[in-house]
Amino acid sequence: ALDRAGFTVEDRDRSRGVYFVRYVDPATESSSARSIFDRIFSGNADPTPRRFRIVLVGSSVAGQAATDIRVLNKDGGAVVEAAERPVATRIASLLFEQLK
């Protein structure tokens, strides 16, 4: 699902269900579609990829095996930065759509 959603997986620990990914938010990526001339003189920097940690945690719901997906910051903590929260939510939604 990570590959299909276009994430760059930098590292992984499959035995623990941890994936270290880079993600470029499409909202900021659209600025890279501008011409070189526009980018040079506009003063806006190219979008930088944000790093996140995706953790898969096995659980059981009504006797059925399930997997919870947790999107954490690059250090493994909760996403608390205001600018990062919508991106983390978007990542979880993208993964959910890929797993349907």
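## Starting point: Val87

Val87 sits in helix H3, where helices (H or I, at least four residues) and strands (E, at least two) are DSSP runs numbered from the N terminus. This is a predicted model, so to speak of local features pLDDT has to be at least 70, side-chain atom pairs count only at pLDDT 80 or more, and totals for chains, interfaces and linings use all residues. Residues are numbered from 1 along each chain as its sequence is written, and side-chain values use heavy atoms, with hydrogens and water left out.

With a relative accessibility of 1%, Val87 counts as buried; the cut-offs are under 20% relative accessible area for buried, over 50% for exposed, and partly exposed in between (1.4 Å probe, protein chains only). Setting aside neighbours within four places in sequence, Val87 is in contact with Tyr23, Asp25, Arg50 and Phe52, contact meaning heavy atoms within 4.5 Å. Val87 and Val24 are 63 residues apart along the chain, and their C-alpha atoms are separated by 9.2 Å.

## Helix H3

Now for the helix itself. H3 has 15 residues, which at 1.5 Å a residue should span 21 Å, and its end C-alpha atoms are 21 Å apart, in agreement. The expected span here is 1.5 Å times one less than the number of residues.

Val87, Ala88, Ile91 and Leu95 are the buried residues to look at in H3. They cover an arc of only 100° around the axis, so they lie on the same side of H3; that arc is taken from the directions from the helix axis to the C-beta atoms. On the face turned away from the buried side, H3 carries the exposed residues Thr89 and Phe96. The cover over the buried residues of H3 includes E2, E3 and strand E4 (64-73).

## The sheet

Four strands make an open sheet in the order E1-E2-E3-E4, with antiparallel pairing. Strand E1 (8-13) and E4 are at the edges with a single partner strand each, so one side of each has no neighbour in the sheet. From one strand to the next, the twist averages 25°. H3 packs on this sheet, touching E2, E3 and E4, and its direction makes about 55° with that of E3. For those angles, axes are lines fitted to C-alpha atoms, for helices over the stretch in contact, and values run from 0 to 180 degrees between N-to-C directions.

As for the pairings, two strands count as paired if DSSP finds at least two bridges between them. E1 and E2 run antiparallel and are joined by five bridges, with Asp11 partnered by Phe20 in E2. E2 and E3 also pair in the antiparallel sense, over six bridges; here Tyr23 has Arg50 in E3 as its bridge partner. Both Tyr23 and Arg50 turn up again among the contacts of Val87.

E3 and E4 run antiparallel, joined by 10 bridges. Ile54 has Val71 in E4 as its bridge partner, while Val55 stands opposite Arg70 in E4. In general, the side chains of a regular strand alternate between the two faces of the sheet.

Ala62 is exposed, with a relative accessible area of 79%. Ser59, in strand E3, is partly exposed at 27% relative accessible area. Beyond its neighbours within four places in sequence, Ser59 is in contact with Gln64, Ala65, Ala66, Thr67 and Asp68.

## The nonpolar core

Which members of the largest nonpolar core touch the most others? Of its 14 residues, they are Leu2, Phe7, Val21, Phe52, Ile54 and Ile91. A core of this kind is a set of buried Ala, Val, Leu, Ile, Met, Phe, Trp, Tyr and Cys residues joined through side-chain atoms within 4.5 Å.

Strand E2 (18-23), strand E3 (50-61) and helix H3 (85-99) each supply at least two residues of this core. The largest share, four residues, comes from H3.
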